[in-house]
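Hi,

Here is the structure for your backbone review. My notes on peptide bonds and phi angles follow below.

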Amino acid sequence: MEGVLCMEAAYPPPGGGVQNPIPGGGGRIVRQLEFTTRRSVAGGYRVSMNLHTARSSVRLLPLALLLCSLPQPAIGDGTDPEPPVESTTARALPASVALERAWPKVVTRRPVQLVSRPDRSDVLYVLEQFGRIRTVDGSDLASSESELVLEITDRVNARSNEEGLLAMSFHPDFERNNEVYIYYTAIRPRRAVLSRFSMDEARERFLPESEQVILEVPEPYWNHNGGDIAFGPDGMLYLSIGDGGAANDPHDYGQNLESLLGKVIRIDVSGSDGELAYRIPPDNPFVGREGARGEIWAYGLRNVWRMSFDPDTGDLWAGDVGQNKWEEIDLIVKGGNYGWNRREGSHPFRPRRLFRNQPVESDGGDVEGMIDPVAEYDHRQGLSVTGGFVYRGTEFPALDGVYLYADYAFGTIWGIRKEGDSVTEPVVLAKKPGSLISSFGRSNDGSLFVTSFERDEQGPGALWKVVVPGS
Ligand SMILES: [Ca+2]
Ligand SMILES: [Ca+2]
């Protein structure tokens, strides 16, 4: 599939020159381009990285294409990540976590999410990006049992790397209402779709014909479609939607409150309102403001590929994928402006033109009222952040309250913990180069899992359980 993704880029043939505009970044370009063969679904660095690594985007893209045909490189070229910073808080994080292969006999392709079901713990659902959902056995991690329970490849557009079936969430009251919400991209016209589905009478399979479209968002480009669905402790549906795509947010959607692109939205799916198949909660921050969409909960986001609520505190954690240099973790709050495209991480962002003759809209670095991330890392340490979950299980007490997140390209897993009003310094908990971590998942008992695109002798994708060694 990676090869198809590379071919999808309609760029000039190989042969262009390469320049390196990153100060002190000599020798780093090749590695970054090598990672174009390992592109994330989250918008980390295909177009964006190529753009930032050359003064003229066209000059680098050919090399990216060339590299798509090369063998997979070994990760690591001597430029090791920064050493982990010792946590100074009273509650130390575990020294490390490990990933144990789960359901090794289940064949899954491009798994983008592992989802638990509120009314049952003996089954979990794996989303495959092309438009399929299959089960794994929640009570036996060695089981080979897997059922295909939904196929919507007929309506899912997964032609490019960041498109496809992207997220699912059962309604918290699923046992009563039989509702599940699914987010995917479609084409003609290119758009993102949030839909409600139901299961059959036995609650074993999803019914493709039960689809009710809740919301459609026009998508100008193939990339940066977000997105994740999370029900809050308030029963509302939160959905992250990317900035639409290309690079630099060329239409300035992130800061535009008239657009749902580049946002986290919050809607009430328990009813409809006129032409809307949902209701806008009256306590949303921009309700009643002229020129603003009432659905918006937070804005200034580039591409929140994964987000989740801490079930104990109600905090909403998000991994926002960066463009040129910084990957970030945000705590999403009501009405918050997370800076894109004026800021990238906690730094000014000055976009270059994506297209000839296009004006650069951003003034760069305007920080008034913009919320910095609670954690960030630069592109020496990774290229595309995969947001995870706060661990609230009982099996590994040392992990309690730790938010885990990963870098898709480097396979590094970090942990941070919110302590009062502050967040601890990130600690590297694991390094699993080549694992291509696409998502974390959480089961009903709080166990955390990882989905990855790693291709090995056991199959084209892999599922893992996060464990603390020696526990
Ligand atoms: Ca898009
Ligand atoms: Ca930001």
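**Backbone notes**

Arg188 sits in the loop between β7 and β8. Strands here are DSSP runs (E, at least two residues), and helices are runs of H or I of at least four residues, numbered from the N terminus.

Before the rest, some housekeeping. This is a predicted model: local features need pLDDT of at least 70, side-chain atom pairs count only at pLDDT 80 or more, and totals for chains, interfaces and linings use all residues. Residues are numbered from 1 along each chain as its sequence is written, while chains are lettered from A and ligands numbered from 1 in the order in which they are written.

Back to Arg188. Its phi is positive, about 55°, although Arg188 is not a glycine. Arg188 counts as exposed because it has 6 C-beta neighbours inside 10 Å. The cut-offs: buried means 20 or more other C-beta atoms within 10 Å of a residue's own, exposed means 12 or fewer, and partly exposed is in between, with C-beta atoms placed from the backbone.

Arg188 is also joined to Pro189 by a cis peptide bond, with omega about -5°. Pro189 is in the loop between β7 (180-186) and β8 (191-197).

A cis bond also runs from Trp340 to Asn341, with omega near 5°. Asn341 lies in the loop between β16 (326-332) and β17 (343-344).

Last, Arg110. This non-glycine residue has a positive phi of about 45°. Its loop runs between β1 (98-102) and β2 (111-117). Is Arg110 buried or exposed? Arg110 counts as buried, because it has 22 C-beta neighbours inside 10 Å.

Best wishes
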